[in-house]
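Student: Hello! I am new to this structure and would like to learn how to read it. Could you walk me through it?

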Amino acid sequence: MLYNGLRNGCSIMVFYVSLACSLLVSDIAAAQVGDFKQSTHITLVNFLTGRFDVENAVEFTKIGYPYAIRPMYLRSDTFAAFKSMRAAALKDGVNLVIVSGFRSYNDQVRIWERNYKRVSLSETDVSDRVKRILYYSSPPGVSRHHWGCEVDLNSVSPYYFNTTEGKKVAKWLMTHAKRFDFYLTYNEGRLKGFKSEPWQYSYYPTASKIMSFFRLYISAVNVDGFKGSHAVDVAKILDEYIIAINPEILKRMQLEGKIVY
Ligand SMILES: [Zn+2]
């Protein structure tokens with residue numbers, strides 16, 4: 001009941017300082033964050049690292065079939081834009097389905113550890129294991145999926161995007177997604193960062209706002225609680241992976257005067 005009261009009562013946000021968080025977010029941070037809205041009961045750092053109760057986060061919506069392969073959460077603004085894009089794609093005979101949206105810190109721990117187990121079969125050195133996982137996956141705490149405005153569409157298998165159907169989906173998205181403010185996050189041809197992922201799209205209006213401040217808060221964050229975490233260098237990953245996204249996104253941000261810190 002209390003949460004319902006909070007949900008209904010809060011619209012614009014001063015950040016509520018939780019006793020549990022490691023880096024407290026003050027009014028100064030809120031000013032730097034500008035017009036970015038966030039639930040009062042989630043601190044900024046906890047939000048950026050996926051450490052909050054998404055069920056009670058006001059900006060998030062629970063989604064499911066036919067939009068997603070299973071119940072999951074997404075930012076409401078991102079979901080609204082996705083629904084428009086999906087309707088347009090359906091008219092062209094392309095069925096877009098979200099296979100991954102918001103992920104919590106713990107969700108990312110599960111993905112990371114699954115990969116860790118797999119790469120441990122071939123890599124004995126911990127830092128080599130981390131490097132291998134970083135081909136496609138972020139360590140918990142620095143995944144853009146924590147933001148709730150990234151979607152993996154249809155499949156996270158490169159093989160799918162080589163099938164006739166996968167090629168059609170990728171082509172449709174490359175041609176039309178930008179009309180709906182979705183940008184391919186990890187395009188081909190970048191010199192750094194994750195390998196190209198034809199499935200991950202970023203909802204620009206929200207993701208660009210988050211990108212304009214997130215490094216200020218995340219660079220000092222420790223990530224732990226998962227295998228190999230001691231070999232994860234957050235600052236390096238932010239510079240070499242998280243920031244190494246589709247240059248079209250960065251260019252648009254620059255044109256709009258958004259600085260990536
Ligand atoms: Zn993804």
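Tutor: Gladly! Let us begin with the inventory: the protein has 11 helices and 6 strands. Keep in mind that this is a predicted model.

Student: What percentage of the residues count as buried?

Tutor: A residue is called buried when 20 or more other C-beta atoms lie within 10 Å of its own. Here, 38% of the 261 residues count as buried. Among contacts between residues at least 6 apart in sequence, 67% join residues at least 24 apart.

Student: Now the strands. Which strands does β6 pair with, and in which sense, parallel or antiparallel?

Tutor: To read a pairing, look for the bridges and for the direction in which the two strands run. Strand β6, residues 197–203, is joined to β4 (residues 150–153) by 3 bridges, and these two run antiparallel. Strand β5, residues 182–186, also pairs with β6 in the antiparallel sense, over 4 bridges.

Student: Which residue of β6 is the bridge partner of Glu-150?

Tutor: Ser-202 is the partner of Glu-150.

Student: Is β6 mostly covered or mostly open?

Tutor: Mostly covered: 6 of its 7 residues are buried.

Student: And which way do the residues of β4 point?

Tutor: Glu-150 and Asp-152 point one way from β4, while Val-151 and Leu-153 point the other way; all four are buried. Strand β4 has a further antiparallel pairing, with β3 (residues 98–100), through 2 bridges. In that pairing, Ser-100 stands opposite Asp-152.

Student: Let us turn to a helix. How many Å should α5 span?

Tutor: Helix α5 covers residues 105–120, so with 16 residues at 1.5 Å a residue it should span 22 Å. Its end C-alpha atoms are 22 Å apart, which agrees.

Student: Which residues of α5 are buried?

Tutor: They are Gln-108, Val-109, Ile-111, Trp-112, Asn-115 and Tyr-116. Viewed down the axis of α5, the buried residues fall within an arc of 170 degrees, so they line one face of the helix.

Student: Why do residues three or four places apart point the same way?

Tutor: An α-helix has 3.6 residues a turn, so residues at that spacing point the same way.

Student: What lies on the other side of α5, and what covers its buried residues?

Tutor: On the other side, Arg-114 and Lys-117 are exposed. The cover over the buried residues of α5 includes α6, residues 126–133.

Technical notes. Residues numbered from 1 in each chain as written. Predicted model: local features only at pLDDT ≥ 70, side-chain atom pairs only at ≥ 80, totals over all residues. Buried ≥ 20, exposed ≤ 12 C-beta atoms within 10 Å, placed from the backbone. Pairing = 2+ DSSP bridges. Contact = placed C-beta atoms within 7 Å. Expected span 1.5 Å × (residues − 1). Arc of directions from axis to C-beta.
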